[in-house]
Amino acid sequence: MNIEQKSTKWRASMLVVFALFALLGIGLSLICGAVNIAIPEVIHSLFGGESTYRDIIWNIRLPRTIVAALVGISLALSGALLQGVMRNSMADPHIIGVSSGAGLFGIGVLILFPSYAYLLTPVAFIGAIGAALLIYLMAWRGGVSPLRVILAGVAVSALLNAGISALLTFYSDRVGGALLFLVGGLSARSWPHVNILLPYTIIGTVLALIGSQRLNIMALGDTQAKALGLRVETYRLYFTAIATLLAASTVSVVGLLGFVGMIVPHSARLLIGSDYRWLLPASVLLSVAVLTLSDTVARLAFAPIELPVGIVMGVLGAPFFLFLLRRREL
């Protein structure tokens, strides 16, 4: 058996493992909660039978679980694309300012115009897209280099975060309603949120998978990619736009949920390699497992008090970020 065949078998095996973990995460998310529901009851409720727990499963836990899965997929793909475009394993959606733009606009609505809170999703989405466009324009100089995008992202994010801090300072008496958005949480997410996220996740996933081979070429470096006939600037903009679309839709629904876009793609890369034809599907499956399991932990750890899932991701993400720093020669 040659190395390539062995590598393919290993990658396929890891995809199966990730898929099993994803199913485990989904199952535990449906079973566990304020009321634990037995597996036969969950199955019976899901497939049309009359059950005492049918409303709990269909109207509370199932939509929340689907939202968690869609959020994980969108953020993980966004992070994987950005890591490929920037050629930096520590890149994630925060690099392009999506979180800061959505945060400022979202907090502005919640604090300044609370009666228009129902507009939070579209307003936060506009803020995220606007911030990403601003960063890209600032980084443009006859083309866009990964370093300039990162530096522009840091600068714009710092400015937008200063705006968020100012709002929280001047309107400290209204901060309560904005806390969940700042931390990132899945509480009370239901079918309308599924309907918001689903089309963006499907479109972004399909476009990302279509471009996986071009990401492999870009990983060789700009000079070699251009020598192979790839329009580097065009595809850098293409993948950045997809990453922005995915991350912006997520932030607008669940708030500023950090670290997912960094942890999941890098973990998948350590186990499955850097071939994006395998890495992107692996990130999709692993992200479903990570978000659903993290949300279950957030619900159960201090029950009956429910933690925002963003806190759990922060606990996982900070040590992982330090691990990456230790591995890199900086």
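Trainee: Where is Phe259 found?
Mentor: In the loop between α11 (232-254) and α12. Keep in mind that this is a predicted model.

Trainee: What is phi of Phe259 near?
Mentor: Near 75°. That is a positive value, in a residue other than glycine. Most residues other than glycine have a negative phi.

Trainee: How exposed is Phe259?
Mentor: Partly exposed, with a relative accessible area of 26%.

Trainee: Is α12 mostly covered or mostly exposed?
Mentor: Mostly covered. Of its 13 residues, 11 are buried. Among them are Met262, Pro265, His266 and Arg269.

Trainee: What comes just after α12?
Mentor: Gly273, with a positive phi of about 95°.

Trainee: What about Ala188, where is its place?
Mentor: In the loop between α7 (179-183) and α8 (191-210). Ala188 has a positive phi of about 65° although it is not a glycine.

Trainee: Buried or exposed, that Ala188?
Mentor: Exposed, at 64% relative accessibility. The cut-off for exposed is over 50%, so Ala188 qualifies.

Trainee: Switching to peptide bonds. Which kind is the one from Ala303 to Pro304, cis or trans?
Mentor: It is cis, with omega near 10°. Most peptide bonds are trans. Pro304 lies in the loop between α13 (276-300) and α14 (309-327).

Trainee: And Ser100, which helix is that in?
Mentor: Helix α4, residues 98-112. Ser100 is buried, with a relative accessible area of 7%.

Trainee: What does Ser100 touch?
Mentor: Ser157, Leu160, Asn161 and Ile164, leaving out residues up to four places away in sequence.

Trainee: Zooming out, how many helices and strands does the protein chain have?
Mentor: It has 14 helices and zero strands.

Trainee: What radius of gyration does the chain have?
Mentor: 20 Å. A compact globule of 330 residues would come near 20 Å, so the two agree. The C-alpha atoms fill a box of roughly 65 × 60 × 35 Å along the principal axes.

Trainee: How much of the chain counts as buried?
Mentor: 51% of the 330 residues. The accessible surface comes to about 15,400 Å², and 70% of that belongs to carbon and sulfur atoms.

Trainee: Last one: how far apart are the mean positions of the positive and negative charges?
Mentor: 10 Å, for 21 positive and 12 negative charges.

Key. Residues are numbered from 1 along each chain as its sequence is written. This is a predicted model: local features need pLDDT of at least 70, side-chain atom pairs count only at pLDDT 80 or more; totals for chains, interfaces and linings use all residues. Side-chain values use heavy atoms; hydrogens and water are left out. Helices (H or I, at least four residues) and strands (E, at least two) are DSSP runs, numbered from the N terminus. The radius of gyration is taken over C-alpha atoms; the globule rule is 2.2 Å times the number of residues to the power 0.38. Buried means under 20% relative accessible area, exposed over 50%, partly exposed in between (1.4 Å probe, protein chains only). Accessible areas come from the Shrake-Rupley method with a 1.4 Å probe; for residues, only the protein chains shown count as cover. Lys and Arg count as positive and Asp and Glu as negative; His and the chain ends are not counted. The place of a charge is taken as NZ of Lys, CZ of Arg, CG of Asp or CD of Glu. Contact means heavy atoms within 4.5 Å.
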